[in-house]
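I opened this model to look at one helix and at the aromatic rings. My notes follow.

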Amino acid sequence: MALNTTKTPPFTALQVMQDAPVIPVIVLNDVVHAVPMARALVAGGIRMLEVTLRTSQALACIEAIAKEVPEAIVGAGTVRNASDAKAAANAGAKFAVSPGYIPSVGQACRDVGLSLLPGVATGSEIMMAQEDGYTELKFFPAMQAGGSAMLKAWGGPFFDVRFCPTGGVTAQNASEFLSLPNVACVGGSWLVPAEALAKGDWARIEKLAREACQLKLR
């Protein structure tokens with residue numbers, strides 16, 4: 001039985017997934033980098049930005065992007081509990097991505113109006129997420145959990161689910177995933193390399209975003 005919806009998100013999970021072939025998985029340690037990085041990604045054609053809640057500066061970075069880069073649609077990654085969901089929404093996030101799925105995270109995201117891409121790695125986790133009304137899911141960690149072969153196997157029993165494989169996805173293997181009919185996009189950290197952030201090499205990030213937009217679905 002699906003959970004009750006208490007606040008309508010501005011974007012559905014499917015809209016988040018279908019905006020571009022790649023959702024960048026972004027780790028930011030310095031809020032100074034947030035706005036120029038986001039502008040570089042948007043200039044390269046990538047609007048949906050997943051800023052992971054893995055650093056002390058993550059929420060401040062989400063807030064800065066939400067306020068200063070209106071063309072971007074910033075989301076929060078590594079959402080693991082209700083507090084994460086609430087803090088992300090308060091900072092201006094429009095969607096959430098979780099490494100796994102528990103019903104309390106799903107309900108918290110509904111309460112605060114965040115679209116959620118729940119993380120799954122097994123058939124049982126897919127069924128749990130579906131029971132709560134989620135049919136757009138993050139396959140994580142994709143390479144370690146079976147890669148494209150696992151997604152092909154899931155295409156039968158879970159014919160009504162769309163996936164965003166993340167974890168070990170690179171510019172070199174992204175097309176392999178994007179060629180699958182049950183994959184709507186991929187998630188990857190290669191669009192925002194740590195060394196490019198450290199050097200303020202926004203031109204490189206824009207170039208990587210443009211290249212990612214050239215990846216084709218099927």
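I started where α4 ends: Gly92 follows it, with a positive phi near 110°. I took helices (H or I, at least four residues) and strands (E, at least two) as DSSP runs, numbered from the N terminus. The model is predicted, so I kept to pLDDT of at least 70 for local features and 80 or more for side-chain atom pairs, while totals for chains, interfaces and linings use all residues. Residues count from 1 along each chain as its sequence is written, and side-chain values use heavy atoms, without hydrogens and water.

Next, which residues of α4 (residues 82-91) are buried? I found Asp84, Ala85, Ala88 and Ala91 (buried is under 20% relative accessible area, exposed over 50%, partly exposed in between; 1.4 Å probe, protein chains only). They span an arc of only 130° around the axis, so they lie on the same side of α4; the arc is taken from the directions from the helix axis to the C-beta atoms. Ser83 and Asn90 are exposed on the other side. The cover over the buried residues includes α3 (58-68), β3 (73-77) and α5 (103-112), with contact meaning heavy atoms within 4.5 Å.

Then I turned to the rings. I paired rings of Phe, Tyr and Trp (its six-membered ring) with centres within 6.5 Å; planes under 30 degrees apart are stacked, over 60 edge-to-face, the rest tilted. That rule gives three aromatic pairs. Phe139 and Trp154 are edge-to-face because their centres are 4.9 Å apart and their planes at 70°. Phe139 sits in strand β7 (residues 136-139) and Trp154 in helix α7 (residues 147-154), 15 residues apart. Both are buried. Ring pairs join Phe139, Trp154 and Phe163 in a cluster.
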